[in-house]
Amino acid sequence: MGTKKIKFWELVLMNVSALYGIRWIAKSTSDSFGLGLGAIPMWIVFMMVFFVPQALMCAELASSYPTDGGLNDWVKIAFGTKYGFLVSWMHWTALIFWYASFLTFFSINFTYMIGKPELADNKVLVLVMSLAVFWTLSFASMRGMEFGKYFTSVGAFGSVVPTVCLIGMSVLAIVILKKAPSASAYTIATMTPKLNMNSLVAISGITFAYTGAEFTANFASEMDDPQKNYPRAIMIAAGTICVLYVIGSICMTMLLPTSEIFAYTGTLDALVVACELLGIPQVFVQVVAFGIILSIFGSVVLYIAQPTKMLFGYAEPGIFPESITKRNKHGIPEKAILFQAVLVTVLLAGVAIFPAVETIYNVLITMTALTSLFPYVLLFAAYIRIKRQKEDKPELYQMTKNKKWGCFLGVSELVICGVAIVCSALPVMNTVRDNIIYEVEMIGGGLLVILSGLWIWKRSGLHNQTFDIRKIEQKKLS
């Protein structure tokens with residue numbers, strides 16, 4: 001009997017790499033994001049009411065159905081093959097346009113690492129670096145998570161260690177040595193989020209910073225005893241992530257006032273201040289930037305592999321040509337990975353070379369913003385349906401054995417997710433005309449992606465195949 005590819009602590013690190021993003025600390029506490037110090041209690045609130053229940057639901061689903069399809073399979077089990085495909089389609093299309101922002105974050109950290117942050121404005125350099133990283137990680141993802149786990153494990157440390165450095169240096173400089181007063185005053189008034197359009201959009205952003213617990217469920221079947229080990233791994237990761245977000249936000253705002261925190265550079269700017277206060281050479285910031293780069297590698301390699309594997313590797317026969325869905329010996333549809341890499345290359349090159357393309361690209365990002373959130377609506381709806389109908393098995397992990405309580409929590413998550421989607425689409429532009437254009441792009445774009453997915457399904461000539469939940473427990477959907 002062959003040994004499993006992923007060990008317990010490797011899965012913990014994979015979850016941290018996928019779910020924790022150091023960039024969210026700066027983004028959430030920046031005044032320009034809309035929350036400032038109000039982000040600190042919001043991290044705690046949504047940890048308890050959204051993140052932990054979501055993680056436990058994914059753990060229960062992964063325990064009951066330890067398949068490589070993850071979210072795709074859970075939705076397929078609950079609602080049929082048509083909706084399993086649709087959730088995969090929405091996931092993949094949204095990420096195509098997300099890569100650019102993540103690779104921009106990489107480029108900025110790279111320029112800090114080499115001590116020349118001004119190079120971040122050089123579009124050609126950013127393009128070359130971004131494409132080199134994306135193609136390298138695309139080829140790495142073709143070898144499956146047996147190889148990709150090294151990127152995610154190192155990436156987890158690359159994200160956690162800089163945060164620990166930020167926390168430790170902030171406490172040492174401000175609290176222990178008192179080298180400077182805190183840049184922020186923490187009172188009930190200052191930490192109460194202001195209720196306006198911008199802050200509601202920002203709160204929805206925190207909600208979706210806490211999504212992603214389903215990502216590593218795709219690889220649950222590659223570890224020993226997933227029914228026991230997957231829930232443990234995801235809860236350890238969840239606790240780690242929540243602590244890092246909350247304490248990290250406090251320590252960043254001790255070093256920098258919220259008006260001076262910028263989404264992409266906030267972490268490094270705060271470390272520069274800490275180094276100056278403690279007399280530490282600036283080269284330390286370059287080392288930390290290198291760590292953040294490693295964290296980006298870990299996240300991107302997982303995000304390249306999982307949605308592509310979910311959409312193309314587990315698509316119903318007939319939707320896409322067999323040549324693109326054929327999986328290699330590692331279970332990865334490598335031609336689909338190549339197709340995605342070419343598509344991302346064309347998009348990034350167009351943005352860098354043609355100024356008009358950047359406008360179009362920003363429109364496309366807006367158009368797919370909502371569809372990146374809809375898969376979670378289907379996730380929670382699938383959990384409710386499965387929880388109601390599946391048989392209880394004592395040997396399997398359950399968030400709660402009480403079906404009514406489990407369904408209530410599922411409905412609560414569904415409501416929170418729905419409200420967050422509505423808030424994310426609130427008009428935040430400066431003029432009525434700009435708001436109308438923004439809303440048309442966002443809502444119209446979401447409908448366009450969904451309708452195009454339904455058109456692809458209809459064109460395939462397939463019918464929605466449904467399943468008897470009681471008969472397929474512990475079986476892997478083909």
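**Figure 1. Overview of the chain in the predicted model.** The chain contains 18 helices and zero strands. It has 478 residues, of which 57% count as buried. Among contacts between residues at least 6 apart in sequence, 81% join residues at least 24 apart.

Figure 2. The closest cysteine sulfur to that of Cys275 belongs to Cys165, at 9.2 Å. A disulfide would need the two sulfur atoms within 2.5 Å, so the separation of 9.2 Å is too far for a bond. Cys275 has a relative accessibility of 1% and is therefore counted as buried.

Figure 3. Cys407 has a relative accessible area of 9%. Because the limit for a buried residue is under 20%, Cys407 is classed as buried.

**Figure 4. Packing of helix H3 against helix H15.** Helix H3 spans residues 39-64 and helix H15 spans residues 374-389. Their axes lie 11 Å apart and form an angle of about 55°, which means that H3 is oblique to H15. The crossing of the two helices is left-handed. On the H3 side, the contact is made by Phe50, Gln54, Met57, Cys58, Glu60 and Leu61. H15 contributes Leu379, Phe380, Tyr383, Ile386 and Lys387. By class, the residues of this contact between H3 and H15 are eight nonpolar, one polar and two charged.

**Figure 5. Packing of helix H5 against helix H17.** Helix H5 covers residues 81-113, and helix H17 covers residues 432-460. The two axes come within 10 Å and cross at roughly 135°, so H5 and H17 are oblique to each other. H5 passes H17 in a right-handed crossing. The residues of H5 in the contact are Thr81, Lys82, Phe85, Leu86, Trp89, Met90 and Thr93. They meet Val449, Ile450, Ser452, Gly453, Leu454, Ile456 and Trp457 of H17. This contact of H5 with H17 comprises nine nonpolar, four polar and one charged residue.

Notes: Residues are numbered from 1 along each chain as its sequence is written. This is a predicted model: local features need pLDDT of at least 70, side-chain atom pairs count only at pLDDT 80 or more; totals for chains, interfaces and linings use all residues. Side-chain values use heavy atoms; hydrogens and water are left out. Buried means under 20% relative accessible area, exposed over 50%, partly exposed in between (1.4 Å probe, protein chains only). Axes are lines fitted to C-alpha atoms, for helices over the stretch in contact, and angles run from 0 to 180 degrees between N-to-C directions. Helices (H or I, at least four residues) and strands (E, at least two) are DSSP runs, numbered from the N terminus. Angles under 35 degrees count as roughly parallel, over 145 as roughly antiparallel, 65 to 115 as roughly perpendicular and the rest as oblique. A crossing is left-handed if the near helix is turned anticlockwise from the far one by less than a right angle, and right-handed if clockwise. Contact means heavy atoms within 4.5 Å. Ala, Val, Leu, Ile, Met, Phe, Trp, Tyr, Cys and Pro count as nonpolar, Asp, Glu, Lys and Arg as charged, and the others, Gly among them, as polar.
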